Amino acid sequence: MRDLDIPTPAHTRLSWDYTPRTPQLQRLYQRAQEQQWSAAEDLDWSQPVPFGEPLPDGTDFARVSFEASPMAVRGRPMWDTFRWELQSWLVSQFLHGEQAALAAAARLVQELPDVESKLCAASQVTDEARHVEVFSRYLREKIPQPYAVNEALHALLKDVLSDARWDITALGMQIVVEALAMAAFRLAGTTFHDPLIRRITTLVARDEARHVSFGVLALREVNRQLTRAERAEREDLVLDAAALMRRRFLLGDLWERLEVDHTAGIRYAASDRAMVAYRRTVFTRVVSALDHIDLLTDRVRLGLDRLDLLGDGSPVRRPAGPAELDGGIHP
């Protein structure tokens, strides 16, 4: 796929008020400094990744999923091939998303209205650069054939990065893309098949938790001041983004590479219990973040439910007290 080249209006805002006003942002910025890590020094790159080799059988749930799939006719080795290719695809999409997050964070440094928020965004730029470094190295050195950016992810990134309003970019990246990535990283222990990528995703997930928390803090007050029309526009973005991300997880890229009938593969990914459970699980982080920025409206909840992204259709309720997001702060 061709490079994504997006002309955007350059808007810079500087504040001459340096008085700290938001303790949560101060703690988040301090934690970002304390939790820095090095892609070169804190990871053992000598660990082999036996890409394509046989894997353990996995759970009964996974076995039943495979037996119901269009891959089952090719036998047990195909299950291993699929799982390795899924790992390759996921890490490839992580890399593409992290590069977009790097650009978005740099833009937030430029446009956010207060110095405290700019400092947090600047610390995120450093994090995202490290994530691009570590995922690109893993793919170059350990994976024989990484994947191009998925077309649904490409479409979402184009939408949120081309909007002139910083809060729209933050909503798409910090609340949707980053929260999905954080949830996927948390599942790495059961999704990925070598200790190196599991260690990478553990470290990256810690950073992403701060980024989602920062997004909540940056957007919560802004969203409280939205007009009805402005709120409806942001609801549209959330629902469009959710539809695109659901489509991404139907794994069309994999079916093409594995020479599985595209229609059969999509049908399987859309309806299989394990696939549905995975999508619901990763979207719980998005739902929680939306709830904290007052965008989990009835309309958004209904739309997510229609996309089968809300578990059993249960409503998500805000905790009675201040809820701690994974970043370790109380938004």
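The axes of helices α1 and α8 come within 11 Å and cross at roughly 160°. Axes here are lines fitted to C-alpha atoms, for helices over the stretch in contact, and angles run from 0 to 180 degrees between N-to-C directions. The two helices α1 and α8 are therefore roughly antiparallel to each other; angles under 35 degrees count as roughly parallel, over 145 as roughly antiparallel, 65 to 115 as roughly perpendicular and the rest as oblique. In handedness, α1 passes α8 in a left-handed crossing, where left-handed means that the near helix is turned anticlockwise from the far one by less than a right angle, and right-handed that it is turned clockwise. Helices (H or I, at least four residues) are DSSP runs, numbered from the N terminus.

The model is predicted: local features need pLDDT of at least 70 and side-chain atom pairs count only at pLDDT 80 or more, whereas totals for chains, interfaces and linings use all residues. Residues are numbered from 1 along each chain as its sequence is written, and side-chain values use heavy atoms, with hydrogens and water left out.

The structure holds 24 salt bridges, each being a side-chain nitrogen of Lys or Arg within 4 Å of a carboxyl oxygen of Asp or Glu. One of them joins E233 to R165, with the closest N and O atoms 2.9 Å apart. E233 lies in helix α9 and R165 in the loop between α5 (151-162) and α6 (166-186), so the pair ties together parts that are 68 residues apart in sequence. E233 is partly exposed at 35% relative accessibility, and R165 is partly exposed at 30%; buried means under 20% relative accessible area, exposed over 50%, and partly exposed in between (1.4 Å probe, protein chains only). Both residues belong to a network of salt bridges that links D163, R165, D167, E233 and R234.

Other salt bridges lie within a helix. In α4 (residues 115-142), D127 and R130 are three residues apart, about one turn of the helix, and their salt bridge has its closest N and O atoms 2.8 Å apart. D127 counts as buried, with 0% relative accessibility, and R130 is likewise buried at 6%. Helix α8 (residues 195-224) holds R224 and E221, also three residues apart and separated by about one helical turn. The closest N and O atoms of the salt bridge between R224 and E221 are 3.4 Å apart. R224 is partly exposed at 48% relative accessibility, and E221 is partly exposed at 42%.

Which residues form a nonpolar patch on the surface? They are L14, W16 and Y18, with about 460 Å² of accessible area together. Such a patch is made of residues with over 30% relative accessible area and no salt bridge, nonpolar side chains (Val, Leu, Ile, Met, Phe, Trp, Tyr) being joined within 5 Å. L14 is located in the segment before α1 (23-34) and is exposed, with a relative accessible area of 56%.

Finally, A62 sits in helix α2 (residues 60-67) and is buried, with a relative accessible area of 19%. The C-alpha atoms of A62 and C120 are separated by 40 Å, and the two residues are 58 residues apart along the chain.

How values were computed:
Patches are made of residues with over 30% relative accessible area and no salt bridge: like charges are joined within 9 Å, nonpolar side chains (Val, Leu, Ile, Met, Phe, Trp, Tyr) within 5 Å. Accessible areas come from the Shrake-Rupley method with a 1.4 Å probe; for residues, only the protein chains shown count as cover.
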